[in-house]
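Please keep the view open while you read, and take the points in order.

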Amino acid sequence: GRESNYNKYKESKETRYGDAILETSASGNSSNSWNQDYSHFPYAHYPFFGRGGGCGSGSAAGVFSFNNNGGYSDSNCSFRVVLAF
């Protein structure tokens with residue numbers, strides 16, 4: 001599930017700091033990012049990262065929020081620019 005994928009990511013030799021996942025979150029399943037923002041790690045059925053949270057997520061959405069996403073369009077979400085190396 002999401003938490004086991006987060007732990008695999010955290011322990012991976014290829015993991016790099018700088019993508020604001022490990023720097024700002026303590027877990028990949030719940031509101032464990034800074035400022036109690038969402039932190040739901042991707043998994044098989046929802047393999048993409050959504051950053052920032054949906055407008056209906058209230059105080060759990062924010063600059064430190066990340067959520068899993070299936071890659072479909074969603075009228076409740078905006079986007080945040082993320083630079084990846």
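1. Let's begin with Tyr 43, which is partly exposed in this predicted model, because its relative accessible area is 25%, between the limits of 20% and 50%. Tyr 46 is also partly exposed, with a relative accessible area of 32%. The ring centres of Tyr 43 and Tyr 46 lie 5.7 Å apart and the planes meet at 55°, so this pair is classed as tilted.

2. Trp 34 is partly exposed at 47% relative accessibility, and Phe 64 is partly exposed at 28%.

3. Please also find the aromatic cluster made up of Tyr 6, Tyr 9, Phe 41, Phe 49 and Phe 66. Over the face of Phe 49 you will see Arg 51, at 5.5 Å from the ring centre.

4. Now turn to Asp 37: is this residue buried or exposed? Asp 37 counts as buried because its relative accessibility is 1%, and buried means under 20%. Asp 37 belongs to the loop between strand E1 (29–30) and strand E2 (39–40). Its side chain reaches the backbone nitrogen of Ser 65 at 3.5 Å. Leaving aside residues up to four places away in sequence, Asp 37 touches several others, among them Ser 30, Asn 32, Ala 60, Gly 62 and Phe 64.

5. Ser 57 lies in the loop between strand E3 (48–51) and strand E4 (66–69), and counts as partly exposed at 21% relative accessibility.

6. Finally, step back to the whole chain. It has 1 helix and 4 strands, and from the N terminus on the elements run α-β-β-β-β. Of the 85 residues, 27% are buried. The accessible surface comes to about 5,800 Å², with 51% of that belonging to carbon and sulfur atoms. Among contacts between residues at least 6 apart in sequence, 42% join residues at least 24 apart.

Definitions and conventions. Residues numbered from 1 in each chain as written. Predicted model: local features only at pLDDT ≥ 70, side-chain atom pairs only at ≥ 80, totals over all residues. Heavy atoms only, no water. Helix = DSSP H or I, 4+ residues; strand = E, 2+ residues; numbered from the N terminus. Buried < 20%, exposed > 50% of the residue type's maximum accessible area, 1.4 Å probe, protein only. Contact = heavy atoms within 4.5 Å. Areas by Shrake-Rupley, 256 points an atom, 1.4 Å probe, with all protein chains shown as cover. Polar contact = N/O pair within 3.5 Å; in protein donor to acceptor, adjacent residues only side chain to side chain. Phe/Tyr/Trp six-rings, centres within 6.5 Å; stacked < 30°, edge-to-face > 60°. Lys NZ or Arg CZ within 6 Å of the ring centre and 35° of its normal.
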